[in-house]
Amino acid sequence: MTRTKERTEDTCPFVYQCRLPLSTSTLNHLADLLRRHLKAIRSRWRILPPGRIAVVVLAVLRHDQRLADMAGGNNVSESTVRRWRDELITLLAAQAPRLDRALKKVAARGGEAVLIDGTLIPTQRRTGRANRRNYSGKHRRHGLHFLALTDENGRLIWISAARPGSTHDITAARHDHVLAHLRAAGLGALADLGFRGLDNDVLGSVIITGFAATRARKLTPGQKDANRVLAVGRAPVEHSFAHLKNWRILTKLRTDPARVTQLLRALLVLTNLEVNR
């Protein structure tokens, strides 16, 4: 059998159009961000204008388009699209707020509490012992864990660093000193049962969680009612996770785990641009 790299006469690369369900303000924000960056680094030329580059990167993030496909449709190389993606992710991540500043801003607006929760984003299973920590026994799959804080209305205000999927919510919260930052800002936090034990201060508790039933002790009607009220109050944080995961690049991450933290914080900025426009 003879191998050849030549295409047959009736085959050719096809290019198709796809609708990008994002607002013009988001596109303009990303394009202006790139223009300012190019001016700051004195880069006079790019193969595509900033607006087209922003569309390419948004398509990669929103629809999880393959880099090679976007490269072929825009007559550039795959490495060029990857460089554009990483460049804009870095610029967006730099706009994500720090935890202490985000909490102080909520307190300055008159907020009394925030909502906190953790979630897992699936990743490809990689070989080697280093990937074993990425396996989450709770979700029974490989992934990366991160925490998110929202205000009482469900607006994302902060995202933690991405950690191995086996990380517990309490471990991640302690690593980021969430409790200390909440006390410094004078705020409380509504959380699920995964955060039980994070705040053991009986008199001045900051983290509010529900009641957990055991084999020996069932919940009383009053405790069940309290859990329902807490679930209603925590609903906005679940909605914010849904908005964040509308970016299909998070459906199953194929990128380097070391870059996921910047990706999450960049998507935080884009999500707020879309939801709060």
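In the predicted model, D151 forms a salt bridge with R109, with the closest N and O atoms 3.7 Å apart. This pair links distant parts of the chain, since D151 sits in the loop between β3 and β4 and R109 in the loop between α5 (99–108) and β1, 42 residues apart. D151 counts as buried, at 9% relative accessibility. A search of the whole structure finds 14 salt bridges.

Two further salt bridges can be described individually. The side chains of R98 and D100 meet with an N to O distance of 2.7 Å. R98 has a relative accessibility of 45% and counts as partly exposed. The side chains of D32 and R35 also form a salt bridge, at 2.7 Å from N to O. D32 and R35 belong to helix α1 (residues 24–40) and, because they are 3 residues apart in that helix, are separated by about one helical turn. An α-helix has 3.6 residues a turn, so residues three or four places apart point the same way. D32 is partly exposed, with a relative accessible area of 35%, and R35 is likewise partly exposed, with a value of 42%.

Helix α1 also contains N28. The relative accessibility of N28 is 39%, and the residue counts as partly exposed. The C-alpha atom of N28 is separated by 9.5 Å from that of P50, a residue 22 places away along the chain.

Helix α8 comprises 24 residues (221–244). At 1.5 Å a residue the helix should span 34 Å, and the 35 Å between its end C-alpha atoms agrees with this expectation. A bend of about 35° occurs in α8 at R234, and a proline, P236, follows within four residues. R234 and P236 are both among the buried residues of the helix, together with Q223, L230, V237, S240, F241 and L244.

One contribution from β3 involves an aromatic ring. A search of the whole structure finds 1 aromatic pair. The pair is formed by F146 and F241 in an edge-to-face arrangement, with 6.0 Å centre to centre and 75° between the planes. F146 lies in strand β3 and F241 in helix α8, so the pair ties together parts that are 95 residues apart in sequence. Both partners are buried: the relative accessible area of F146 is 0%, and F241 has a relative accessibility of 5%.

Strand β3 pairs with β4 in the antiparallel sense over 3 bridges. In this pairing, A148 has I159 of β4 as its bridge partner. The hairpin of β3 and β4 has 5 residues between the strands, and G154 in this hairpin takes a positive phi near 90°. The loop between β3 and β4 also holds D151, the partner of R109.

H142 is another residue of β3. H142 is buried, with a relative accessible area of 14%. Apart from neighbours within four places in sequence, H142 is in contact with I121, P122, T123, R125, N131, N134 and Y135.

Over the whole chain, the secondary structure comes to 9 helices and 7 strands. The C-alpha trace spans about 75 × 50 × 30 Å along its principal axes. Of the 277 residues, 44% count as buried. Among contacts between residues at least 6 apart in sequence, 64% join residues at least 24 apart.

Notes. Residues numbered from 1 in each chain as written. Predicted model: local features only at pLDDT ≥ 70, side-chain atom pairs only at ≥ 80, totals over all residues. Heavy atoms only, no water. Helix = DSSP H or I, 4+ residues; strand = E, 2+ residues; numbered from the N terminus. Expected span 1.5 Å × (residues − 1). Bend = angle between axes of the 7 residues up to and from the residue. Buried < 20%, exposed > 50% of the residue type's maximum accessible area, 1.4 Å probe, protein only. Pairing = 2+ DSSP bridges. Salt bridge = Lys/Arg side-chain N within 4 Å of Asp/Glu carboxyl O. Phe/Tyr/Trp six-rings, centres within 6.5 Å; stacked < 30°, edge-to-face > 60°. Contact = heavy atoms within 4.5 Å.
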